[in-house]
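Dear colleague,

Please find below the structure that I am handing over to you. My notes on it follow directly after.

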Amino acid sequence: MTKILVIGANGSVGTHVVAALAEGGHEVRALVRDAAKAALPAGVEAVQGDLAAPESLVGALSGGVESVYLMWPGIPVQPRVVELIARHAERVVYLSTDVADLADDEPAVIFHQEIERLIRRSGLGWTFVRAIDFAGNMLGWADQVRQGIVRWPYGEARRSLIHERDIADVAVAALTEDGHDGGKYVVTGPESISHAELARIIGEETGTGVRWEELAPETAREQLTAVWGNAAFVDSRLRAWEAFTREPERVTDTVQQVLGRPARSFRSWVRDHVEDFR
C-alpha cells in the first residue's frame, strides 16, 4: 500500500476520498489547517498546513508520500505547491473542472487551467478529474426549499450534476490503480435534468412539495451578484444556463468506464442529503 496525502481533506469530495482510502487499508495523511480540530477516520494522520503558505506542506509531503490528492480552493495559485509535490511524490490526482488544455503561452481563463499546466510541466504522473458541476451546489436552494418554493432562472436548463461520492470514487481509483496516468476524466451525473425538475425531485424526496417559480435573468443577476460577490462569474453562469435550455449540459460515461458501474442519480444524492434541506 502507498502513503497518500489528501489536500482538501475536509472538502465535500475530500472527506469521501479520505474515508475510502482508509477503508481500503491505505496509509493516509490529511492536510488540515488545525490538526487539533480535525475529525478524521481512525488511522488517518492529520498534518497541519495551508496551501497559501507552500512551505508548510514540506512536513506533510515528507516521509514516504508517493501520491497526492489535490483540491485547490478559490485562492491565488501558488506554483511552489506543485514544485514541492513533484519534489516529494510520484503522482498527483487533481480535482479540476471541465476546461480546455492551456497552451504554454496562453493566459488562463480559470485557475484550474493554470494548475493543470503547472502539473503537466512538473514531471509528476498525473490524472485530472474534471467535474462539470456538483450536485452539492443545489444546497444553495435549501432555504427556498424549506419555504416550499424555488425561485431561479432558466427552469428548462438541463444539468448533468454529479454526486460528490462519485467524484471521490474516481479520484481514489486514479490514486490506487494502474492505468490512469494522463487521464483527463470529465465526470458527470448519468442524465441531464432541468432546473425545475431538480426542484421537483428535491421536493418529493424531502416531502416538502416544492413549487418552481421562474426568475427573470435580470433579477437573478442582481440577487446572485449580491450573494456571490462576483459579477463576472454570475454572468458566466447565466450564459451557461441559458445555453443549457437549448443544448443540455453534456453527459459522459466516465464514471462507468473508470468504476465499472453507473454514476449515482441526482435522486440518490438528494436522499443522501435530505436532512440538509430540512
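Which residue in E3 is the bridge partner of alanine 30? The partner is alanine 46. Before the details, please note that this is a predicted model, in which local features need pLDDT of at least 70 and side-chain atom pairs count only at pLDDT 80 or more, while totals for chains, interfaces and linings use all residues. Residues are numbered from 1 along each chain as its sequence is written, and side-chain values use heavy atoms, with hydrogens and water left out.

The strands

Helices (H or I, at least four residues) and strands (E, at least two) are DSSP runs, numbered from the N terminus. Two strands are said to pair if DSSP finds at least two bridges between them. Strand E1 (residues 3-7) pairs with E2 in the parallel sense, over five bridges. Within this pairing, valine 6 has alanine 30 of E2 as its bridge partner. Between E1 and E2 the chain passes through helix H1 (residues 14-23), and this β-α-β crossover is right-handed (with the strands pointing away from the viewer, the path from the first strand over the helix to the second runs clockwise). E2 is also joined to strand E3 (residues 45-48) by four bridges, and these two strands run parallel. Five of the six residues of E2 (residues 27-32) are buried, that is, under 20% relative accessible area with a 1.4 Å probe, protein chains only.

Helix H7

Buried residues in H7 include His195, Leu198, Ile202 and Thr206. Glycine 207 follows H7 and has a positive phi, near 75 degrees.

The cavity

On a 1 Å grid over the protein atoms alone, a cavity is a set of points where a 1.4 Å probe fits but cannot get out, and lining residues have an atom within 4 Å of a point. Grid points are joined across faces, edges and corners, and a volume is the space filled by probe spheres set on the points. One cavity of 30 Å³ or more is found in the whole structure. The largest cavity holds about 40 Å³ of space.

Yours sincerely

Technical notes. Buried means under 20% relative accessible area, exposed over 50%, partly exposed in between (1.4 Å probe, protein chains only). On a 1 Å grid over the protein atoms alone, a cavity is a set of points where a 1.4 Å probe fits but cannot get out, and a pocket is an open set with protein on both sides within 12 Å along at least five of seven lines; lining residues have an atom within 4 Å of a point.
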